[in-house]
Amino acid sequence: MQEEGSEVRVEKRPVTLVRASFDDCPEIYELQIKSFQELLEKYQDYDFSPGAEKFERTIQRFREPITQFWLIALGERHIGAIRICDFGELCKIKQIFILPQYQGNGFAQEAIRLVETLYPDAVRWELDTILQEEKLCYLYEKMGYVRTGKTRMIKEGMDIVFYEKLK
């Protein structure tokens, strides 16, 4: 049996996206807290980190008319989620998270590819991430996102960098 928190290497199986319903909010919240725990501990950013948010914030986001949550599934197991804000020709990836034991298997890349196909009217995609997290920056750049030149300092040693991708 796999120990909780241990790394899981799996054969390359395709992930799927499942449109989340309001009833999925507790699971999305749990996935988010677990997925962002390491970054929360590293940066101690209790003001902005999704790992420090309250459950009510997930509910609030779910109720936003422009927001859709998608569960990232590997077979029958939900291993993460992605939140999209849909403005028609502009879509923003506001959060994407994969449980730590499933990271490093290409699942985030596949989820991004899939979600981009679900919004055919989008000609521009945007997202942001922590500048100091090289593997996250590498992931988005590998997916065709380019830095806009805009950054925002959150605290000493932690900056947010902004990306865009044009279709």
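A residue is called buried when its relative accessible area is under 20%, exposed when that area is over 50%, and partly exposed in between. Keep those cut-offs in mind, because glutamate 141, at 36% relative accessibility, counts as partly exposed by them. We will return to this residue below.

The mean pLDDT of the protein chain is 93, and 92% of the residues reach 70 or more. Residues 1-6 are another matter: over this stretch the pLDDT is below 50, and beyond near neighbours in sequence the stretch has four contacts in the model. Where pLDDT is low, the predicted coordinates should not be read in detail.

Now let us turn to charged side chains. Side chains of opposite charge can pair when their charged atoms come close. How many salt bridges does the model count? The count comes to ten.

Take lysine 42 and glutamate 133, which form a salt bridge with their closest N and O atoms 2.7 Å apart. This pair links distant parts of the chain: lysine 42 sits in helix 1 (residues 25-43), glutamate 133 lies in the loop between strand 5 (124-130) and helix 4 (134-142), and the two are 91 residues apart. Lysine 42 is exposed, with a relative accessible area of 53%, whereas glutamate 133 is buried, at 8%.

Next, find glutamate 53 and arginine 61. Their salt bridge brings the closest N and O atoms to 2.5 Å.

With 36% relative accessibility for glutamate 141 and 42% for arginine 147, each partner counts as partly exposed.

Our last stop is lysine 92, in strand 4 (residues 90-98). Finally, look from lysine 92 across to alanine 122: the two are 30 residues apart in sequence, and their C-alpha atoms are 9.5 Å apart in space.

Note on methods. Residues are numbered from 1 along each chain as its sequence is written. This is a predicted model: local features need pLDDT of at least 70, side-chain atom pairs count only at pLDDT 80 or more; totals for chains, interfaces and linings use all residues. Side-chain values use heavy atoms; hydrogens and water are left out. pLDDT is the predictor's confidence in each residue, from 0 to 100. Contact means heavy atoms within 4.5 Å. Helices (H or I, at least four residues) and strands (E, at least two) are DSSP runs, numbered from the N terminus. A salt bridge is a side-chain nitrogen of Lys or Arg within 4 Å of a carboxyl oxygen of Asp or Glu. Buried means under 20% relative accessible area, exposed over 50%, partly exposed in between (1.4 Å probe, protein chains only).
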